[in-house]
Amino acid sequence: MSLFKAREWWGTAVEAATPGEEEECDAGCLLVANVNNEQPARDKVVVGGFSGSLRVFLPQAHRSEEGEEVSGYRPDHLLLETTLNYPILQLAVGKFVSSNSLEHLCILHPDRLVVCSVVGVGGGGGGGGQGEHFRLTIAYQHKLPRRGHSLVTGTFGGVRGKHYLAVQSLDGCLVVYEQESLAFVTFLPGSLLPGPIAYLPRADAIVTVAADWSLQCYRYQTIAVASENDNTTNNTTAAAAIPPNNNNNSSNNNRGGSGGRRLTPEWTQLLGEAAVEMKVVGGEEGEPVSLLVLAQRGIYCFKESGVLKFVKKLEFDPSCFTAFIVDKGIHICVASHTNTLLVYRETQLKWASQLQFPPVALTRADFPGITGALVMLGEAGQVQVTYLGTDPSLFVAPPTETREINYDHTDKELVRLHKIIKASTKDTGALVGMGRVPAVPVVLRITAHTPLNTVRVNVAVEKPIGVTQDTFVLRTVCDTSQIMIKFYQAEPYIPPSLSVTIITSYVSHTGAPRINTVQLELPLRLVVRPCTPSKEADHKITISSNKAAVNLPDLFPELVQDAGVGTAIGLQYYNGMEVTILSSRTTNRYRLQSDSMAALWLILKELMRRLKGYWNQPSRRDGEELQLGVASSFPTHELFFEIDAHFIRRKKHKELELQLARRSAQFRAVQRRLLTKFKDKTPTPLANLDSLLEGTYKQIHVTDVITENLKGMEEDGCQLSCVVRLVLEMTRLATGMSDQEFALLSAAVSPVVHLSMEQGWEETTDAAITFLLRSYSRPPPTPMPRDAPPTPELTMPPDTSKLKKHLGILLDKITKGGAQLSLDSTSETKMPELSKETVWHDEPEDPSEPPPPPPEDDPTNVPLGSRLGEDRARSARIRSARQGPRPPLTPASLSEDMPEEDPATEPTPSEELPDLTGDPAAIQLPPPTVEEEPRATSSRHTFTRPPGT
Amino acid sequence: MDPLFLALSCFRRRKFDRCIKICTELLSKNPYDQAVWSLKTRALTEQVWVDECDGEEEGLADVLMDDNTIASVARPGTSLRTAPPSSAGGPSQTFRPSTQSGRPLSGVVRPGSQGGRPGTMDQALRTPRTAQTARPVSATSGRHVRLGTASMIQVGEGPFINLARLNVAKYAAQQNIAKALFEYIYFHENDVRHALDLAAQATQVLEFKDWWWKVQLGRCYYRLGLFRDAEKQFKSALKLQDNINTYLLLGRVYIRLDQPMAALEVYREGLDKFPGEVTLLTAMARIYEGLHDLPKAVKYYRDVLHYDATHVEAIACTATTHFYSDQPEVALRFYRRLLQMGIYNCEIFNNLGLCCFYAQQYDMTLTCFERALSLATDRSIADVWYNLGHVALGIGDINLAYQCFRLALVSDNDHGESYNNLGVLEYRRGNLETARAFFMTAANLSPHMFQPHYNHAKLAHKVGDLQTSFIIVQKALALFPEHVDSKELLKTLETHFHTL
């Protein structure tokens with residue numbers, strides 16, 4: 001991390017001795033010195049490698065033809081290139097030859113030490129001119145008694161004009177050569193792995209790092225004296241006999257202890273961490289000598305006497321360093337393994353720059369054209385001479401992907417997306433593109449006493465009725481949460497039912513999963529509108545009652561077109577089917593008539609419900625229960641007709657599917673044939689296969705017919721369902737059967753017609769009826785064996801005659817024979833309850849109340865304010881409820897409670913006529929209106945929670 | 001070429017794998033070669049070495065079941081836990097958001113700087129810990145467990161050293177291998193008990209004269225939670241020799257004992273001995289930050305920058321301070337420096353974008369945020385969207401702001417700040433119920449924020465639910481006693497109640 005970058009002034013890469021391999025270098029492999037004793041002195045770069053290659057470079061700037069100073073590597077900068085037989089571990093330069101005082105190059109190999117002279121030949125007397133090159137002449141060499149690790153040179157013992165050599169072996173043995181002759185061999189105490197080694201010139205001492213991570217300083221004198229004694233006994237063995245790679249330390253220690261005087265250090269300093277490199281700076285012109293130690297986590301600076309001068313804790317892994325004195329301050333350049341170079345003046349960071357590679361050796365040198373350049377050697381032999389350029393190497397973020405933005409296009413897309421977002425973020429479900437169909441907005445209000453997470457609300461409706469959104473997941477419910485949904489008629493069929501089930505599932509705070517089910521009925525106005533009553537119709541149903549016929553506008557106040565006529569009312573479904581209700585005051589009968597049998601059902605149900613509600617009101621209650629009877633013939637024929645219609649659809653569907661299967665098989669076959677033809681190497685004529693393929697493809701368009709047929713089937717299913725319900729209800733009215741019996745019957749003759757099941761309505765119903773017939777025709781005392789009749793696999797029957805026959809018999813038996821429907825008790829309890837009981841009651845309607853606005857307008861785009869108006873109305877209702885009397889103009893409401901208690905403590909479902917205001921929360925059914933102020937509603941629907949959810 | 005030399009060279013160049021390989025080969029030939037053995041332990045240690053003097057994450061268990069704290073009810077300004085926002089200067093909590101711990105938001109994410117320091121178990125358990133930020137339960141189980149798995153690298157031929165069969169006394173006497181062995185046991189094997197055993201015996205052998213062993217002994221005690229013993233060892237080591245690491249470790253002991261003043265004293269002593277030591281200065285700055293003494297923290301961060309101009313943490317923290325004290329232009333320069341230095345991540349662009357926006361350099365704002373979004377990780381993208389929402393609020397595009405906050409929630413479901421802001425937006429739209437739900441969620445998710453409480457109280461006050469308003473505004477004041485608006489609301493409510 002730094003702003004600047006070290007600028008390359010000169011650089012090259014050293015290759016290994018064997019071509020193609022990468023050179024490997026370490027700290028000792030770089031040397032900058034005037035090795036050829038050139039006058040005036042110029043620094044050369046000597047680079048060795050583990051492969052044994054040795055090169056000498058003279059980096060310099062040169063003038064280009066334009067007269068500019070150009071730097072960079074040129075082949076003539078390479079003065080010497082040779083390959084030695086052994087790996088080069090370390091290079092040193094000094095006055096190592098006794099015959100003259102010239103600088104010689106000393107090369108440390110693993111098992112020998114070679115001192116040689118570098119002499120320039122050719123060229124203009126070492127001037128670096130054309131053709132100049134060097135020659136390496138070996139002056140002398142020593143064979144090392146042990147494997148060498150590192151080398152230190154210096155004026156040991158204070159000699160003048162010459163340098164001595166000391167080699168530290170891998171097992172901690174110090175071999176000192178006084179130039180050509182071996183002086184002594186000694187073992188450093190406490191050494192296990194060799195560390196860096198340095199020579200302090202003024203104190204005439206050698207500093208090493210021992211294995212216990214302490215710095216140890218031995219005076220040369222002491223070492224020499226200690227080894228004097230040692231040498232007398234051990235010299236011969238040490239020099240020759242001991243195998244070089246014997247690292248057995250214990251013997252080493254023994255020798256140090258037993259042979260002669262024990263070597264004691266002048267001073268020791270505990271570093272506490274392993275050292276990487278050591279350097280000695282100063283010592284010239286009376287400057288104090290400082291010993292710098294680069295450890296793994298810091299730089300330590302010691303005085304000659306072993307006193308700590310300063311420490312710098314490093315927050316990176318250092319690889320190598322160099323130090324020099326400028327203006328009496330010690331400057332340290334540290335290179336890290338993270339490719340950075342940091343320059344410190346003592347402990348203060350002065351400069352940081354990035355490097356191209358982590359160097360293993362670093363030194364400072366002067367070259368023609370540059371002074372104070374940093375020479376660094378990379379692990380793979382990269383040699384670089386760099387300077388710290390002030391030109392910042394700013395980090396430039398890579399450019400992002402720029403796209404030409406078409407603003408018109410983006411604007412349009414944004415608007416579109418906004419629309420979608422708006423539509424989806426409103427949790428009050430907006431109706432998307434439904435045309436002019438009435439919709440009932442329903443507000444679900446969920447109350448939780450403690451905040452709940454992830455409450456899931458599902459809304460289930462039966463087919464032709466649609467809902468804006470059927471699944472909600474509320475992240476958190478604290479206190480109250482509201483969901484607004486709308487119900488509408490999605491398909492133009494006659495709906496068999498207006499029930500809606502709302503299932504709320506959540507995990508209570510104790511971790512128990514809970515489910516809450518609420519059933520509600522949608523208002524009739526959702527699917528019908530008033531029209532003029534018609535006199536004649538194909539199908540008629542007459543209902544008799546034991547009470548006086550009610551004025552029809554009182555029963556259907558919201559659906560009255562002409563308030564003057566009290567005995568007839570016309571209703572029209574949105575698909576055009578008309579139903580007329582006639583009431584006769586004289587006979588206390590009601591007649592429903594329509595051109596479609598199916599259309600009668602919903603109206604009949606509604607009529608019965610309203611009649612019950614009407615007579616149940618306390619003001620009109622007179623002790624006698626309302627009794628309804630049916631006074632017309634059974635529409636068995638129509639039922640059979642609907643069954644046939646549905647069955648034909650199913651048959652057709654099967655046929656079409658078969659057809660599709662055949663055609664697609666043909667298509668694949670043609671494709672395969674074509675493929676083999678195309679793959680064939682010798683092209684053959686297609687033989688009209690292509691047109692066959694196209695033809696088959698066109699035939700596959702039978703799928704459209706299938707889709708259409710499916711829709712028809714759906715419609716027929718609804719019709720069938722309607723008629724079945726109607727027949728069931730009429731049976732009930734005719735025979736006055738108990739609820740239990742009715743449940744049994746409706747389980748057998750199921751009014752639910754599934755569309756997508758493998759088993760169709762016909763076969764399941766047939767099986768159920770057969771079972772029922774068999775079971776109750778049997779004498780009651782013999783309990784029916786549960787597993788007796790092995791039910792054959794339900795398959796689609798070839799025709800419906802059997803079903804019709806069975807159905808006919810069943811209905812006959814029930815209506816005429818008065819057969820008692822029952823199963824044995826075990827199965828009775830298992831009878832699934834198909835529909836939850838819902839409790840209804842009608843409010844007395846204010847006759848002066850104006851009729852509600854027709855629910856045709858689709859309140860999709862209700863402006864925000866109007867919804868707020870509803871909110872306001874609601875709070876007004878709550879307030880008024882508190883005050884007591886209720887104004888007549890209030891939206892209906894319905895409650896859904898989300899108790900947090902255990903099921904045991906759940907409030908028991910209230911009886912009939914629950915008190916609306918007593919309920920803690922309510923699902924609200926605002927009237928389908930676009931007016932800002934809610935006007936009026938048809939009826940007040942109140943629901944209790946169904947028992948035992 | 002001698003293989004041992006090559007191994008040493010590889011070790012020096014940090015090619016540990018190769019070094020270990022060579023050592024293993026050598027050891028298979030001669031299993032009793034101590035030098036090779038020692039080198040291998042060192043290489044294995046270096047692979048997993050962590051500077052323990054630096055920050056450390058305190059886990060849930062450490063914070064809650066902490067019985068090391070000296071004063072349970074510390075005086076203000078002397079504890080990192082109860083430190084209430086002092087009015088000592090610096091921007092107030094209103095402008096500078098606080099972390100879950102109630103401490104001012106720092107410029108860098110450090111271990112523990114984001115985590116909470118909850119007061120009660122209840123609060124701690126409520127603190128959102130999503131799958132993204134599964135904090136370790138305890139400091140002794142968290143990071144160190146992960147470090148300990150390093151010993152499984154050796155699965156091939158079983159562990160390198162079988163600690164159970166190690167003759168500790170024998171190795172403690174051999175100083176030249178004992179230290180490397182200790183670090184191996186401590187860092188690589190993560191077996192503090194054996195390490196402690198070795199350290200105790202080694203320091204005995206050396207007649208208690210080696211400061212290094214004392215420091216290691218202290219480290220072991222520290223890791224075992226024996227802070228007072230650790231303190232003793234560190235102090236004793238400091239008597240023998242001053243060492244930066246010893247000062248840092250002693251400071252950490254005091255922080256764990258919740259004695260920030262004592263820690264500061266230790267660091268100051270260290271600075272006397274080692275003037276200008278960056279790590280000590282940084283540690284002091286962090287403590288001042290924790291004590292809410294932001295001006296002092298910034299002073300120390302500036303000192304750090306004097307000695308080390310490339311110190312990222314110091315630059316970032318200084319920039320943050322400038323940003324929150326209404327000097328976005330200055331903060332921009334600091335962040336730009338970080339960018340130039342090569343820090344290239346989502347956070348830097350996010351901060352640059354915010355600085356540009358508040359410094360009215362609008363042209364750069366969106367570009368910066370674009371980059372931030374493209375660089376964002378799953379963890380940071382929510383914050384970027386949140387900040388974009390702020391920018392959108394600043395330019396008055398409520399719709400965009402709403403969507404930005406929503407997007408923030410999409411990426412991070414527990415982003416309390418976004419919930420709060422969404423609540424405010426809903427409040428402005430008039431959806432009071434929704435707003436209330438948002439505020440409650442926000443307060444639930446981020447118990448350290450006073451804003452949702454205040455907003456909720458205000459909402460309740462507006463709709464006339466004075467009782468709720470009164471209760472909730474007190475919660476807001478408990479979190480931020482200096483908040484003027486909350487105080488005023490409380491006063492209004494009180495006068496209202498008095499008149500009743």
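## A strand pair in chain A

S3(A) and strand S4 (residues 53–57) of chain A pair in the antiparallel sense over four bridges; two strands pair if DSSP finds at least two bridges between them. Helices (H or I, at least four residues) and strands (E, at least two) are DSSP runs, numbered from the N terminus. The hairpin of S3(A) and S4(A) has four residues between the strands, and A:Gly52 takes a positive phi near 95° there.

This is a predicted model, in which local features need pLDDT of at least 70 and side-chain atom pairs count only at pLDDT 80 or more, while totals for chains, interfaces and linings use all residues. Residues are numbered from 1 along each chain as its sequence is written, and chains are lettered from A and ligands numbered from 1 in the order in which they are written.

Strand S3 (residues 44–48) of chain A is mostly covered, with five of its five residues buried. A residue is buried if 20 or more other C-beta atoms lie within 10 Å of its own, exposed if 12 or fewer, and partly exposed in between, with C-beta atoms placed from the backbone. In a regular strand the side chains alternate between the two faces of the sheet. A:Lys44, A:Val46 and A:Gly48 point one way from S3(A), A:Val45 and A:Val47 point the other way, and all are buried.

S3(A) is also joined by four bridges to strand S2 (residues 30–33) of chain A, and the two run antiparallel. Here A:Ala33 has A:Lys44 as its bridge partner in S3(A).

## Chain A as a whole

Chain A has 13 helices and 43 strands. Of its 949 residues, 38% count as buried. Among contacts in chain A with a separation of 6 or more, 67% come from residues 24 or more positions apart; two residues are in contact if their C-beta atoms, placed from the backbone, lie within 7 Å.

An open sheet in chain A has four strands in the order S20-S21-S22-S23, with antiparallel pairing. Its edge strands, strand S20 (275–281) and S23 of chain A, each pair on one side only. Strand S22 (residues 298–303) of chain A is joined to S23(A) by five bridges, and A:Phe302 has A:Leu308 as its bridge partner in S23(A).

## Where chains A and B meet

48 residues of chain A are in contact with 48 residues of chain B. On the side of chain A that touches chain B, the elements that give two or more residues are strand S23 (308–313), strand S27 (348–354) and strand S33 (471–489) of chain A. S33(A) gives the most, with five residues.

Helix H12 (residues 244–256) of chain B is mostly covered: 13 of its 13 residues are buried. Just after H12(B), B:Asp258 takes a positive phi of about 60°.

In helix H25(B), the buried residues are B:Ser469, B:Ile472, B:Val473, B:Ala476 and B:Leu479. They cover an arc of only 105° around the axis, which puts them on the same side of H25(B); the arc is that of the directions from the helix axis to the C-beta atoms. The face turned away from the buried side of H25(B) carries the exposed residues B:Gln467 and B:Ala478. Helix H24 (451–463) and helix H26 (484–499) of chain B are among what covers the buried residues of H25(B).
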